Amino acid sequence: PTNCITLRQIADMISLVAFNVGFNAPVRAPATQMKVASSEFCYGLPGALPPVGNFDPLNLLEGKSFEQVKTWREAELTHGRVSMLASAGFLVQEKFHPLFTADGGPAIEQIPQLPIFMWFAMTLGIGITEGYRVNVGWTSPKAPDHFFQKLEADYTPGDLGFDPLGLKPDTEEEFIAMQTKELQNGRLAMLAAAGFLAQEAVSGDTWGTYWGLPDL
């Protein structure tokens, strides 16, 4: 249909907005200084806990620089945060959806039914958010020794300076502990969100309907 928006068009819009927001007004947010431990697993970044410990079964860290590993950690934190929101959304939106009508069925099937202006609004919101993240932590593509998604040397992955409730700890030890908790919850949420998506794709029902609890 002529009124459909393709995924390629959405990606192009996000890229355009993110580029304009990210590189036209450089602003740096306060960051927590990182200590690099080259002899430790993952350069001493938080997240390695028993019983799993130093988990790298595919040996992806071999030969990787600290800058590359830091980029991966930023990606892990970002996906974990999105997954925590997604997992909560799967649990809540089935019975509480004040912004849209209750069309029923899996969430992935409802997205194409949204009004066209909502696609634009979501694209704009994502673009602005990603543009801010790029603006805070990413190096310019024109910087020396730049590689794809290289982060600033003084940027701590995930520390975007956004803390409206003042929850960020003051000491390094407490900050590392909070980072580890966020990583663990984010990793669990990525598995949970994938489970929700798989269950809906296979069964064709939302989780409440599938388990015989449509009114939960």
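Biologist: What covers the buried residues of H5?

Modeller: The cover includes H2, helix H3 (107-110) and helix H6 (207-210). Keep in mind that this is a predicted model.

Biologist: Which residues of H5 are the buried ones?

Modeller: Among them are Phe 175, Leu 183, Gly 186, Ala 189, Ala 193 and Phe 196. The list also includes Gln 179, Thr 180, Gln 199 and Glu 200.

Biologist: How do you know that the span of helix H5 agrees with its number of residues?

Modeller: Helix H5 runs over residues 172-203, which makes 32 residues. The expected span is 1.5 Å times one less than that number. For H5 that gives 46 Å. The end C-alpha atoms are 46 Å apart, so the two values agree.

Biologist: What comes just after H5?

Modeller: Gly 204 does, with a positive phi of about 75°.

Biologist: Why is Ser 87 called buried?

Modeller: Buried means under 20% relative accessible area. Ser 87 has 9%, so Ser 87 counts as buried.

Biologist: Where is Ser 87 found, and what does Ser 87 touch?

Modeller: Ser 87 sits in helix H2. Leaving out residues up to four places away in sequence, Ser 87 touches Ala 189, Ala 192, Ala 193 and Phe 196. Ala 189, Ala 193 and Phe 196 are among the buried residues of H5.

Biologist: Why is Leu 60 called partly exposed?

Modeller: Exposed needs over 50%, and buried needs under 20%. Leu 60 has a relative accessible area of 48%, so Leu 60 is partly exposed.

Biologist: Where is the place of Leu 60?

Modeller: Leu 60 lies in the loop between helix H1 (7-24) and helix H2 (66-93). Leu 60 also belongs to a nonpolar surface patch, together with Leu 58 and Trp 72. Their accessible area together is about 330 Å².

Biologist: What makes up the largest nonpolar core?

Modeller: It has 6 residues in all: Val 134, Val 136, Trp 138, Leu 151, Tyr 155 and Leu 160. In soluble globular proteins, nonpolar side chains tend to be buried together.

Biologist: How many helices and strands are there in the chain?

Modeller: There are 6 helices and 0 strands. Along the sequence the pattern reads α-α-α-α-α-α.

Biologist: What share of the residues of the chain count as buried?

Modeller: Of the 216 residues, 29% do. The accessible surface of the chain is about 14,300 Å², and 65% of that belongs to carbon and sulfur atoms.

Methods: Residues numbered from 1 in each chain as written. Predicted model: local features only at pLDDT ≥ 70, side-chain atom pairs only at ≥ 80, totals over all residues. Heavy atoms only, no water. Patch = residues over 30% accessible without salt bridge, like charges linked within 9 Å, V, L, I, M, F, W, Y side chains within 5 Å. Areas by Shrake-Rupley, 256 points an atom, 1.4 Å probe, with all protein chains shown as cover. Salt bridge = Lys/Arg side-chain N within 4 Å of Asp/Glu carboxyl O. Helix = DSSP H or I, 4+ residues; strand = E, 2+ residues; numbered from the N terminus. Buried < 20%, exposed > 50% of the residue type's maximum accessible area, 1.4 Å probe, protein only. Contact = heavy atoms within 4.5 Å. Core = buried A, V, L, I, M, F, W, Y, C linked by side-chain atoms within 4.5 Å.
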